[in-house]
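Dear colleague,

Please find below the structure that I am handing over to you. My findings follow directly after it.

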Amino acid sequence: MEKIESLIRMIAGTALLLVFALPSPAQWVNYKTPGIPRTPDGTPDLSAPAPRTADGKPDISGIWRVNGYQYNIGKDLKPGEIVMLPEAQAIYNERRETNSFDNPWARCFPGGVPRAFLSPDPFKILYMPVLKVTVILFEAVQTWRQIFTDGRELPRDPDPAYMGYSIGRWDGDTFVVETAGFHEKNWIDSAGMPGSDALHVTERFHRKDFGHMEVAITINDPKSYAKPWTVTLPFTPYPDDELVEYVCNENNRYPTAK
Amino acid sequence: MKTTRLATLAMFIVALAFAAAPAFGHHTLVAIYDTSKPFTMTGTVTMFDWRNPHVWFFMDVKSADGTVTNWGFELNGVNVLRRAGWTRDSLYYRFFKTRTHEKRLGDDFPEMVQKSVEVGLVLGEDTGHQVRRSHRGR
């Protein structure tokens with residue numbers, strides 16, 4: 001047995017380099033997403049015109065990801081654009097000093113808005129003009145948003161919620177979403193910028209072409225910030241893939257450490 | 001049983017530098033593990049726990065004095081690993097390039113504080129890796 005093991009060990013040692021031959025990402029699904037403009041060799045044509053819905057608006061539906069803002073959503077802003085009020089700054093400092101110990105997302109609670117976008121995991125936007133609602137399914141922690149487009153107003157005194165309450169309307173070719181009704185436990189991003197129950201988020205979805213959607217997100221929270229601030233995130237399509245079940249509570253052993 | 005035989009193989013764990021990107025879907029690598037202190041570990045895989053939000057595997061590691069400790073290795077989620085080409089059988093068929101690192105100070109799991117080391121595993125930029133001593137240690 002020992003001989004066999006040492007032989008296997010030797011083989012294994014030489015086989016180590018094979019690790020580099022691991023399949024590259026996004027090849028695990030063998031189905032092509034229908035309705036995607038493609039170049040002659042079959043790859044998605046990112047510069048093709050944005051698809052349109054029956055009502056003539058740019059169709060923002062599909063699986064998307066946001067790359068590069070997973071930790072600090074404000075990293076591209078100039079100093080002074082985000083001014084935290086003292087209480088918010090104290091909360092933020094504590095989250096940093098404790099290594100995000102009370103991070104709700106790490107404890108399987110929904111990511112909130114806009115943080116639910118700020119994951120390496122994809123999400124699926126379903127724009128449904130007939131039902132007059134847009135639904136976003138987030139793979140991360142398996143949560144969702146519904147954005148009502150039937151003309152209703154934001155509720156006056158909604159029950160505080162992780163994902164808030166959202167309404168949407170069109171401003172030309174831009175889909176504008178207003179969200180409020182959060183509770184005070186929100187994290188704006190994974191660095192822990194706070195959001196209070198006064199948080200009001202405006203998102204402007206502008207799909208420039210098939211492969212590029214800019215989403216301008218305005219954070220207006222007078223209890224946390226001295227003035228509203230806006231970041232514009234690039235959304236990238238995630239074609240030929242699908243959402244994966246993500247039951248966060250199943251195996252969440254050691255989510256955080258101080 | 002070929003699978004069983006392979007599963008009991010000694011795993012070769014090789015320290016490897018990787019970009020210290022703190023971006024993870026679920027929780028943050030650098031918040032829990034000290035990625036600046038890599039080291040190497042070899043052992044026998046005892047369990048592969050293929051579940052979200054983080055996949056774990058467990059490995060018996062023999063120390064110099066002969067004591068065997070069951071360590072837990074934390075990876076990224078099923079979703080990320082599947083897209084990177086892993087399957088729930090991966091651990092039986094593949095060897096990994098890994099990185100190991102010490103646990104950060106302060107922990108809400110006292111039994112782990114006594115073991116001052118943690119182990120990590122890397123499969124490339126987009127896959128996870130992080131390790132802890134097994135909660136169910138022997």
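**Contacts of B:R51**

Apart from neighbours within four places in sequence, B:R51 is in contact with A:E250, A:N251 and B:V78. Please bear in mind that this is a predicted model. B:R51 sits in the loop between strand 3 (43-49) and strand 4 (56-62) of chain B. Is B:R51 buried, exposed or partly exposed? There are 17 other C-beta atoms within 10 Å of B:R51, so the residue counts as partly exposed; the buried class would require 20 or more, and the exposed class 12 or fewer. B:N79 lies 28 residues from B:R51 along the chain, and the C-alpha atoms of the two are separated by 9.0 Å.

**Chain A as a whole**

Chain A contains two helices and nine strands. Read from the N terminus, its elements follow the order α-β-α-β-β-β-β-β-β-β-β. Of the 258 residues in chain A, 33% count as buried. When contacts in chain A between residues at least 6 apart in sequence are considered, 58% of them join residues at least 24 apart.

**The barrel**

How are the nine strands of chain A arranged? They close into a barrel in the order 1-2-3-4-5-6-7-8-9, with mixed pairing. On average, neighbouring strands of this sheet are turned by 30° against each other, direction ignored. In general, the strands of a sheet pair through backbone hydrogen bonds, and the pairing may be parallel or antiparallel.

Strand 1 (residues 62-66) and strand 9 (residues 229-237) of chain A run antiparallel and are joined by three bridges. For A:W64, the bridge partner in strand 9 of chain A is A:P237.

**A residue of strand 6**

A:V177 belongs to strand 6 (residues 174-180) of chain A. Why does A:V177 count as buried? The reason is that 22 other C-beta atoms lie within 10 Å of A:V177, and a residue is classed as buried at 20 or more. Not counting residues up to four places away in sequence, A:V177 touches A:I147, A:S166, A:G168 and A:E203. A:P110, in turn, is 67 residues from A:V177 in sequence, and the distance between the two in space is 19 Å, C-alpha to C-alpha.

**In brief**

In chain A, the nine strands close into a barrel, and A:V177 of strand 6 is buried.

With kind regards

Methods: Residues numbered from 1 in each chain as written. Chains lettered and ligands numbered in written order. Predicted model: local features only at pLDDT ≥ 70, side-chain atom pairs only at ≥ 80, totals over all residues. Pairing = 2+ DSSP bridges. Helix = DSSP H or I, 4+ residues; strand = E, 2+ residues; numbered from the N terminus. Axes fitted to C-alpha atoms, helices over the stretch in contact; angles between N-to-C directions. Contact = placed C-beta atoms within 7 Å.
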